[in-house]
Amino acid sequence: MTNFWDQIFDFALTTATDVGQQLILDFGTVQASEKADGSLVTQSDQWADQEIRTRIADTFPDHGVISEEAEHIFPNTDWCWVIDPLDGTTNFARGIPIWGISLGLLYQGTPVFGLIHLPPLHQTFHGFWYGASGLTGPEGAFLNGKPIHASSDTLSSNHFFNLCSRSIAIAPQIPCKIRMLGMAAYNFLTVAFGATLGGVEATPKIWDIAGSWVIVKSAGAVWCPLSPEPFPLEVSRDYGTQSYPTLVVSQAELLSVFQPLAQYL
């Protein structure tokens, strides 16, 4: 399947890069409006969503799509892309350079490939994780083409742990320095490349986690769903409003430290 995975990677990288180049032109200049769930959306989100879905349909007509701004029902196809066209919309609209394009490719409902591109930071992450799918191919997690791994450091008060705006109540109990990045996938990616020891997101949607799930696991970090287990997705189910509270830590030994705190979310 080497040629297949080369095609998948090249498509994802080209698409995310092209979309990112256009979004950079809009960065910090667009007006945001509030959606029903309280999150923000801009015309840039909507354009990027349509552009990515069109490219998928043209290149992989037999693949399904779930996207934040349009398609929320999981289709009856072996392969399905789950896309967040602009993760970190609030940062994007306010001129804070932590936002990106997230692409996850699912096989029979479970992610096997992820690519997340952050144009302002010139960072592109990708990874492969086949689990019990029976698929074979490239392995590992990468940042700008170089392998990355979660940290093996011992916990200390000088290490970092990421929170989101809906999980700040547990901040006083966290035995690390706290960071809040404003982009769900990046909260987890910083664990994958060893910058932080853990992170928690209280209300991520499926498009927030599909791409990063692969990269985190293939980098050797631990993905701990707090409730419910996200994968595999179920055919014909609407994923538009379902949240997946998630804890990610760099090593299994840290679960006993952070999981009891995260359960209060």
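This is a predicted model: local features need pLDDT of at least 70, side-chain atom pairs count only at pLDDT 80 or more; totals for chains, interfaces and linings use all residues.
Residues are numbered from 1 along each chain as its sequence is written, and side-chain values use heavy atoms, with hydrogens and water left out.

Let me stay with the two domains. Domain 1 covers 2–145 and domain 2 covers 158–261, with bounds that come from an automatic or database domain assignment. Their centres, taken over C-alpha atoms, are 18 Å apart, and the contact, meaning heavy atoms within 4.5 Å, draws on 41 residues from domain 1 and 31 residues from domain 2. About 2,700 Å² is buried between them, 71% of it given by carbon and sulfur atoms; buried area is the accessible area (1.4 Å probe) that two parts lose on being put together, summed over both. On the domain 1 side, Phe74, Asp87 and Trp129 supply 20% of the area buried against domain 2, more than any other three residues.

How many salt bridges are there between domain 1 and domain 2? The count is 0, where a salt bridge is a side-chain nitrogen of Lys or Arg within 4 Å of a carboxyl oxygen of Asp or Glu.

Which element gives the most residues to the side of domain 1 that touches domain 2? That is β6 (110–118), with 8 residues. Among the other elements that give two or more residues to that side are β3, β4 and β5; strands, like helices, are DSSP runs numbered from the N terminus, with E of at least two residues for strands and H or I of at least four for helices.

Strand β4, residues 79–87, has 9 of its 9 residues buried, that is, under 20% relative accessible area, with exposed meaning over 50% and partly exposed in between (1.4 Å probe, protein chains only). Strand β3 (residues 64–67) runs parallel to β4 and is joined to it by 4 bridges, with Ser67 opposite Ile83. Strand β5 (residues 100–107) pairs with β4 in the antiparallel sense over 7 bridges, and here Val82 has Gly104 as its bridge partner; two strands pair if DSSP finds at least two bridges between them.

Finally, the charged pairs, of which the structure holds 4 as salt bridges. Asp49 and Arg53 form one of them, with the closest N and O atoms 2.6 Å apart, and both residues are buried. These two are separated by about one helical turn, because they lie 4 residues apart in helix α2 (residues 43–59). Arg55 and Glu51 meet in another, at 2.9 Å from N to O, and they too lie in helix α2, 4 residues apart. Arg55 is partly exposed at 23% relative accessible area, as is Glu51 at 24%. In a further salt bridge, Glu234 and Arg237 meet at 3.8 Å, N to O, with Glu234 partly exposed at 46% and Arg237 partly exposed at 29%. Salt bridges that share partners also join Asp18, Glu51 and Arg55 into one network.
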